[in-house]
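Here's a quick tour of how some side chains pair up in a protein model. Have a look at the picture first, then we'll go through it topic by topic.

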Amino acid sequence: TSGASTPAPANSQRIYGKDSEKKEPGQKKPAAKITFEAIRQRAKAMEADTVRFLSDLVRTQSFSSKERAVIAVVQRQMERIGFDEIRIDGLGNIIGRLGNGPRVIAFDGHVDTVYPGDLSQWSHDPFQPKVEAGKIWGRGTVDQKGGVATMIHAARIIKELGLNDQFTIYFTGTVMEEDCDGLCWQYILNEDGILPELVVITEPTNLNIYRGHRGRMEIRVEVKGRSCHGSAPERGDNAIYKIARIALEIEKLNTRLRDDPFLGKGTVTISEVRSSSPSLCAVADVAGLHLDRRLTFGETKESALAEVQDAAGRAGYPDARVFVLTYEEAAYTGKVYPTEKYYPTWVLEEKSPYLQNAIDAYAGLFGKPPLVDKWTFSTNAIATAGMKGIPSFGLGPGNEVYAHAANEACPIEHLSAAVAFYAALVARLNGKV
């Protein structure tokens, strides 16, 4: 693992060091014994401030590749809390560090959001956060600025109550997740020199603990035809008819895909059809499908591509081109960091000591065992766990059913609960509770 003494790489920017004067008061270790109840009460006491911070994040629009302004909001809050180090890397991720222990763990939350969509479906402005009916409303409150706000405020409690002495802890506000999940952590792992033994994902879980999810791929299928004038289509070879037959075989393929008792069934669906021709009075000479493929446990990139190629063959076109797409958009820093749009499946074993510590911390805080389950969607853990095999799990405020939906809202009580859990987990890993 990489210790906190590792120097910042040349493509990163150190924003704030431990000697800065911008710190909040009252951060001395208490003489009283640390208890789960003390952690829970401190998180509850600062709930209003967590709502205020989350409101600042929601108010600051931050679509993928346009996160610069919200990174500045996160930076200011890290400075107020007094992180030991804050830096922004070459891709634009903000990385705050607490502690200088020999072991390394990380908490992750992405700061970008999807667009609001049809504003007529919102009952209020999605970027003017509103507190009402015990919830905070606005784009990103669930997916996933709520997780960002709570993990950073957990750092505040970790400092105030002296919950950590064994670990270097990184808190990463990551970018471009909505466009390309895991790209940010590929960069952190490969370029920033940070290699944690555990990563906690703060995506929404409805305060459950999630230990895995299906992977995914973006696949393109293309066939060629022969163009001619539309007044005499028999002279040509229409690529649209070919791709239509392949599309029907893809529909059948979805019913045959592998199932898993924990993660569920693999799926494939067509999300886009495109064609080209010399004009709208001509036969199409090229046509293609965009496939959204969700991979359950045991499915791989190779097996998924082979299945699609087989479907094309069943349709009568074994020479159809089937390939994985590449993501190569520029970050707000201008950095382009290309990656294949293959995001591996991952599952943390039930017997993992990290998971058992998380369960113990949850039970100690809330007096009941957690529901241990899985995400339906994909997260940055496709890089940490799926690509690198780093133990990962998640807990986050808000219910994932509201992710990407109009009138997105997170229960306020979830915020203080998540803050308490992250802090209690650190205390548990340090043997302090």
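Which side chain makes a polar contact with the side chain of Arg-216? Keep in mind that what you're looking at is a predicted model. The partner is Glu-218, and the two side chains come to 3.1 Å.

**Around Arg-216**

- You'll find Arg-216 in strand S11, which covers residues 215-224.
- Arg-216 has a relative accessible area of 9%, so it counts as buried, the cut-off being under 20%.
- If you skip the neighbours within four places in sequence, Arg-216 is still in contact with a whole list of residues, including Asp-179, Asp-181, Arg-293 and Arg-294.
- Also among the contacts of Arg-216 are Leu-295, Lys-341, Tyr-342, Tyr-343 and Ser-378.

**Aromatic rings**

- A pair of aromatic rings is described by two things, the distance of the centres and the angle of the planes.
- The count for this structure is 11 aromatic pairs.
- Take Phe-107 and Phe-171: their ring centres are 5.3 Å apart and their planes are at 5 degrees, so this pair is stacked.
- Now compare Tyr-362 and Phe-366, an edge-to-face pair with 4.8 Å from centre to centre and 65 degrees between the planes.
- Tyr-362 and Phe-366 both belong to helix H8 (residues 353-366), and they are four residues apart, or about one turn of the helix.
- Tyr-362 is buried, with a relative accessible area of 7%, whereas Phe-366 is partly exposed at 27%.
- These two pairs belong to one aromatic cluster, made up of Phe-83, Phe-107, Phe-171, Tyr-362, Phe-366, Phe-421 and Tyr-422.

**Charges over rings**

- Rings can have charged neighbours too: the charged end of Arg-321 sits over the ring of Phe-323, 3.9 Å from its centre.
- Lys-130 does something along these lines with Trp-137, lying over the face of the ring at 6.0 Å from the ring centre.

**Salt bridges**

- Side chains of opposite charge can pair when their charged atoms come close.
- How many salt bridges does a search of the whole structure find? It turns up 30 salt bridges.
- One of them joins the side chains of Asp-56 and Arg-59, at 3.0 Å from N to O.
- Asp-56 and Arg-59 sit in helix H2 (residues 47-59), three residues apart, which is about one turn of the helix.
- Asp-56 is partly exposed at 25% relative accessibility, and Arg-59 is partly exposed at 39%.
- Lys-432 and Asp-165 also meet in a salt bridge, with a distance of 3.0 Å from N to O.
- This pair reaches across distant parts of the chain: Lys-432 is in the segment after helix H10 (412-429), Asp-165 is in the loop between helix H4 (145-161) and S7, and the two are 267 residues apart.
- Lys-432 counts as partly exposed at 24% relative accessibility, and Asp-165 is partly exposed at 46%.
- Then there's Glu-222 with Arg-220, a salt bridge whose closest N and O atoms are 3.2 Å apart.
- Glu-222 is partly exposed, with a relative accessible area of 24%, while Arg-220 is buried at 13%.
- Some salt bridges share partners, and in this way Arg-42, Asp-49, Arg-52, Asp-56, Arg-59, Arg-156 and Glu-160 are joined into one network.

**Cysteines**

- How many disulfides does the structure hold? The answer is zero.
- Cys-184 is in no disulfide, and the nearest cysteine sulfur, the one in Cys-180, is 8.5 Å away.
- Cys-184 is buried, at 0% relative accessibility.
- For Cys-228, the closest cysteine sulfur is in Cys-281, but at 12 Å it is too far for a bond.
- Cys-228 counts as buried as well, at 14% relative accessibility.

Definitions and conventions:
Residues numbered from 1 in each chain as written. Predicted model: local features only at pLDDT ≥ 70, side-chain atom pairs only at ≥ 80, totals over all residues. Heavy atoms only, no water. Phe/Tyr/Trp six-rings, centres within 6.5 Å; stacked < 30°, edge-to-face > 60°. Buried < 20%, exposed > 50% of the residue type's maximum accessible area, 1.4 Å probe, protein only. Lys NZ or Arg CZ within 6 Å of the ring centre and 35° of its normal. Salt bridge = Lys/Arg side-chain N within 4 Å of Asp/Glu carboxyl O. Disulfide = S-S within 2.5 Å. Polar contact = N/O pair within 3.5 Å; in protein donor to acceptor, adjacent residues only side chain to side chain. Contact = heavy atoms within 4.5 Å.
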